[in-house]
Amino acid sequence: MRADRLVSLVLLLRQRGRLTAGTLARELEVSTRTVLRDIEALSAAGVPVYAERGRHGGFSLLPGFRTELTGLNHDEALALLTAGSGRGEQAFGLGSALASAMRKVVDALPESHRATASDGARRILVEPETDLLSRRAVTEEVPGTTMTEIRRAVLAGHRLRIHYAATDQAPRWRTVDPIGLVTVRDRGYLLATRSGADRTYRLSRVSAAEELPEPAQRPVQVDLDRIWRERCARFLSSGHIAVLVRLAPERREDLLSTAVAVRAAEPEADGRLRLEATFQDLRHAEWALWQLGTDAEALSPESLRTILRDRAAAMATRYGAVPGGRARVPFPTAKPS
């Protein structure tokens, strides 16, 4: 761990020039005292780090010093920098590791490509936090220590204890055999088995985890994409409700954000889309379609149409009266004679 931090410290000084101990501490997520100890270790190892005192002082490397790293061409580095620029950098608690890797990527570039690749990556934004309607993306947080334990167990092939809160249940400890980790639209999942049965756990519902020493009972080879598809299919076929919807095309993303799944849409003559959406239950479908107002129409099942119609009629009645419960008197269309 310290060796990686020392390399990152050298790369920061190479790429950004003179930096204060406080700035280095923030970048490396350590204390200022740790940075000063690392500087001493680098100097003792022969790395030419020197300090400049004063208002604009800090630590620098002697001009021309370069670490020995494998070079990349411009397009390879741009691809890596762009991939690391989105919110996905925090997936599975690997944000700090990715930041360190990106510094190494930049340093590995030939001098002639370094500036253009870094500038190119700044001009490509992947999955920003808000969309054009200023809606913030919902990013689920998992405690760093918890995520580290989960990740270690998955990669080492060890069994795992998790403190997990299933829907509408109190959290309790479970011992599972982890298979892999999946992230979909900023939601993370642990694929595992428990007592031989398939289980899928939402990472945001895991409050604590402990890697166990015994090996997990799982196949040596794994096709995570196939396993995920199979579990999605089982999930959609059990206890859910399918709704046929006519939808204004500009609201498709809104429906995608609330439905469990949305099947392929078919355009209609008036420009609307006809599609099949899957919801957790009837109550979930009612809530989701009510948010879309007149931009969506439930064509089936009839029970959902009845619920939405009755709800709309109740709202019309409520707003057809003035505050206080009195009937609203319509404005006259002409002055009385």
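Modeller: Start with a term. An axis is a line fitted to C-alpha atoms, for helices over the stretch in contact, and angles run from 0 to 180 degrees between N-to-C directions.

Biologist: What kind of model is this, and how are residues numbered?

Modeller: This is a predicted model: local features need pLDDT of at least 70, side-chain atom pairs count only at pLDDT 80 or more, and totals for chains, interfaces and linings use all residues. Residues are numbered from 1 along each chain as its sequence is written, and side-chain values use heavy atoms, leaving out hydrogens and water.

Biologist: How many helices and strands does the protein chain have?

Modeller: The protein chain has eleven helices and twelve strands. Both are DSSP runs numbered from the N terminus: helices are H or I with at least four residues, strands are E with at least two.

Biologist: What makes α2 roughly perpendicular to α3?

Modeller: The axes of α2 (residues 21-28) and α3 (residues 32-44) cross at roughly 100° and come within 8 Å. Roughly perpendicular covers 65 to 115 degrees; under 35 is roughly parallel, over 145 roughly antiparallel, and the rest oblique. Therefore α2 counts as roughly perpendicular to α3.

Biologist: Which residues make the contact of α2 and α3?

Modeller: Contact means heavy atoms within 4.5 Å. From α2 come Ala 21, Gly 22, Leu 24 and Ala 25; from α3 come Thr 32, Val 35 and Leu 36. Five of the residues in this contact are nonpolar, two are polar and none is charged. Here nonpolar means Ala, Val, Leu, Ile, Met, Phe, Trp, Tyr, Cys and Pro; charged means Asp, Glu, Lys and Arg; the others, Gly among them, are polar.

Biologist: Why is Glu 29 called exposed?

Modeller: Exposed means over 50% relative accessible area, buried under 20%, and partly exposed in between (1.4 Å probe, protein chains only). Glu 29 has 61%, so it is exposed. Glu 29 sits in the loop between α2 and α3. Its phi is positive, about 60°, although Glu 29 is not a glycine.

Biologist: Why is Arg 311 called partly exposed?

Modeller: Its relative accessibility is 31%, so Arg 311 falls in the middle class. Arg 311 belongs to helix α11. Beyond its neighbours within four places in sequence, Arg 311 is in contact with Glu 286 and Trp 290.

Biologist: What makes a set of residues a nonpolar core?

Modeller: The members are buried Ala, Val, Leu, Ile, Met, Phe, Trp, Tyr and Cys residues, joined through side-chain atoms within 4.5 Å. The largest such core here has 18 residues; Val 243, Leu 255, Phe 279 and Leu 289 have the most contacts inside it. At least two residues each come from β8 (241-247), β11 (273-279), α10 (282-291), β12 (296-300) and α11 (302-319). A second, separate core has 17 residues, including Leu 13, Ile 39, Leu 42 and Phe 59.

Biologist: How do you know that β4 and β5 pair?

Modeller: Two strands pair if DSSP finds at least two bridges between them. Seven bridges join β4 (residues 172-184) to β5, and the two run antiparallel. Leu 181, for one, has Leu 190 of β5 as its bridge partner. Six bridges link β5 with β6 (residues 197-202), again in the antiparallel sense.

Biologist: What makes β6 and β7 edge strands?

Modeller: The open sheet has five strands in the order β6-β5-β4-β3-β7, with antiparallel pairing. β6 and β7 (206-215) each pair on one side only. The twist averages 45° from one strand to the next. Helix α7 (residues 144-156) packs on the sheet, touching β3 (158-164), β4, β5 and β7.

Biologist: Why is β5 described as largely enclosed by the rest of the structure?

Modeller: Of the eight residues of β5 (residues 187-194), six are buried, so the strand is largely enclosed.

Biologist: Where is Ser 195 found, and is it buried or exposed?

Modeller: Ser 195 lies in the loop between β5 and β6. Its relative accessible area is 76%, so Ser 195 is exposed. The phi of Ser 195 is positive too, near 55°.

Biologist: Which bond joins Ser 300 and Pro 301?

Modeller: A cis peptide bond, with omega about 5°. Pro 301 is in the loop between β12 and α11.
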